[in-house]
Amino acid sequence: MNIRFKSWLVAFAASAFVYGQTSAQDIATGLKQLDGNQACLAKETFEKLATATPSADNQFYLGYYYLRTKQPDLAKAAFEKGLAADLKSKENLNKVGMGAVALAQGDRTGAQTIFTEVLKATKNKNVSVLQRISEAYTGYVVIDSMKPIYKTTDPAQAIALADIAIALMLKGGEKNHEVYMAKGDAFYIKGEAGPAVSAYEDAINATPSLGKAFAKVAKIYWGGRNYELAQTNFKKAIEVDPDYAPANNEYAELYFFVRQYKQASRYKDAYIEKIGVCATDDEILRSAQFNFVAEEFAKVNTKVAKVMSSGRTSDVLFRMQGWAAYKENQYEKAIENLNKFLKQAPQKAIDNDYRYLGNAMLRVSPADTAAAIANLVKAAEMDTVDNGYKEIAAFYNAAKDYENAIVYYRKVIGREKNPVLQDYVNLSLPLYNVANKIFASGPDSLALREKKRNYFMAADSLYMKMIERKPDYLYAHAQRAKANYFAYSREEAMTNGIAIPLMENYIKMALADTAPMDDAKKANLKLFYQVLGAYSVITLKDEAKAKEWFTKLLEIDPGNKVANDFLNPPPPPAPEPAAKTPAKAPVKKKA
């Protein structure tokens, strides 16, 4: 061999060695991308390898990429090229790939025939062959749903083949965590969570930095509602393999499920960042939903705008923009987008679509109140969780439109299976206020007086319900006394005395109450002392009793004129002196 040829041979061998290392590194990178939900990058990696060097190995991994991305026809074409590139190899994984394609297409018999041939040729002693067939029988379980991609599976066969591979590894000191992962997937689809976890833990023992194994263990614990262990394993997956994006994605979903929205948004954003250009529009929109519930509305708008800039328009995008705009007080933008959504997909409308639209309409000027309320009513009618009539009633009450407030507070109580105390309070307020605004005068004074009394009595029935719920509720006792007093003219109230025992009862309770004297209690006592004093004088003709009540009144209201006049009446005016008769001038005598 001449020196020149020998030098060339050495150089060729060295370059082939370097290429072999580079190719292996690229394959490992592509597999990591495929596992990490970066399918678009994995596609680029494997296609470049197969194009640059269409070797049997490179064709196999290209086909494997197609299998994992649910493209069995393309996978078959790649495997066929791989077989043609190395016809003599007994261990050609492309033949395993052809069997996997047959399984993916539902041809169990054809797959078994191919697998049997390969296993016979390798004498059941090739770990890679055993592992790839085992994995094919699992249907390629994906982390997000923990379900096989393909329907045709055989977990028992997958476990049997994995066990043969494991025995070979233990004998030869080889480590291949994918064998344990296939075994774990097989146990899981059999419904045996415990053995599945054990197999995944074996994979972790083989490769401690295997984030996807921790993540699958976490998913199993999540499915078993052991959220603490699920969190522990998701954290571990991210810790040992920060680049394994699906762990962040699934951890985010767990936080969303348990309603910890800030954390959910944080990990979903990390997922989108890690998969980068491979993030689909649907994934970006899902992350925008997480941002929304975390009240990170600027992120929502940014992501929705990004998706729409790619030419995608859909009703859900208008909804998300409308919701986010409403939450950021951009009411006109909210109205615009929500109207677009409702026009395009009225059948998809939910309560919040109408709720946000109605509230946005109330906040622009000039507000179309009638249309806004109509939307809020639709929201209330659709909502089976919250009582949407409350915000409508509160709006009318704040606007001092008490008649409409009454209508909707009654709907609030009608919706509730067991109204709470505050529901009765809320309805009683506008009833009382409407009654107070009615002045019984003029030709319709009798009808107005009856109307006024009806409103007060409607409020009184609510005060009684409050007292049934809370017997020591001072507010309700005071309001009962006032409603039964003001429901009548002063003369009628002094005659019928209906309010008198109610006032006396309130005074007794108020004085026994240990809470500090506040303005409301003081105002009630002042009114009741004065009424009771007047009743004692006018109806009972009992000046001693009247003196008692007016004395109490002066104790809390020293300047009260009625009490002062009664207790300290001014002295009667002195009689005016009689007018003096002027003296007559003496008559002069005539001389």
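Which residues of the largest nonpolar core touch the most other members?

The model is predicted, so local features need pLDDT of at least 70 and side-chain atom pairs count only at pLDDT 80 or more, while totals for chains, interfaces and linings use all residues. Residues are numbered from 1 along each chain as its sequence is written, and side-chain values use heavy atoms, with hydrogens and water left out.

**View 1. Residues of the largest nonpolar core.** Ile392, Tyr408, Met466 and Met503 touch the most other members among the 98 residues of this core. A nonpolar core is a set of buried Ala, Val, Leu, Ile, Met, Phe, Trp, Tyr and Cys residues joined through side-chain atoms within 4.5 Å, where buried means under 20% relative accessible area with a 1.4 Å probe and protein chains only. When its neighbours within four places in sequence are left aside, Met503 is in contact (heavy atoms within 4.5 Å) with Ala481, Tyr485, Phe528, Val531 and Leu532.

**View 2. Helix H13, residues 245–257.** Helices are DSSP runs of H or I with at least four residues, numbered from the N terminus. H13 has 13 residues and reaches 19 Å from its first C-alpha to its last, close to the 18 Å expected, a span found as 1.5 Å times one less than the number of residues. Because 11 of its 13 residues are buried, H13 is largely enclosed by the rest of the structure; among the buried ones are Asn248, Glu250 and Tyr255. Just after H13, Arg259 takes a positive phi of about 65 degrees.

**View 3. The second largest pocket.** A pocket is an open set of points on a 1 Å grid over the protein atoms alone, with protein on both sides within 12 Å along at least five of seven lines, and its lining residues have an atom within 4 Å of a point. This one has a volume of about 170 Å³, and its lining includes Phe256, Arg286 and Trp323. Helix H15 (281–293) and helix H17 (315–327) each supply at least two lining residues.

**View 4. The largest cavity.** A cavity is a set of grid points where a 1.4 Å probe fits but cannot get out. About 50 Å³ of space lies in the largest cavity, whose lining includes Phe60, Gly97, Arg132 and Glu135. Helices H3 (56–68), H5 (93–104) and H7 (127–138) each supply at least two residues of that lining.

How values were computed: Grid points are joined across faces, edges and corners, and a volume is the space filled by probe spheres set on the points. Buried means under 20% relative accessible area, exposed over 50%, partly exposed in between (1.4 Å probe, protein chains only).
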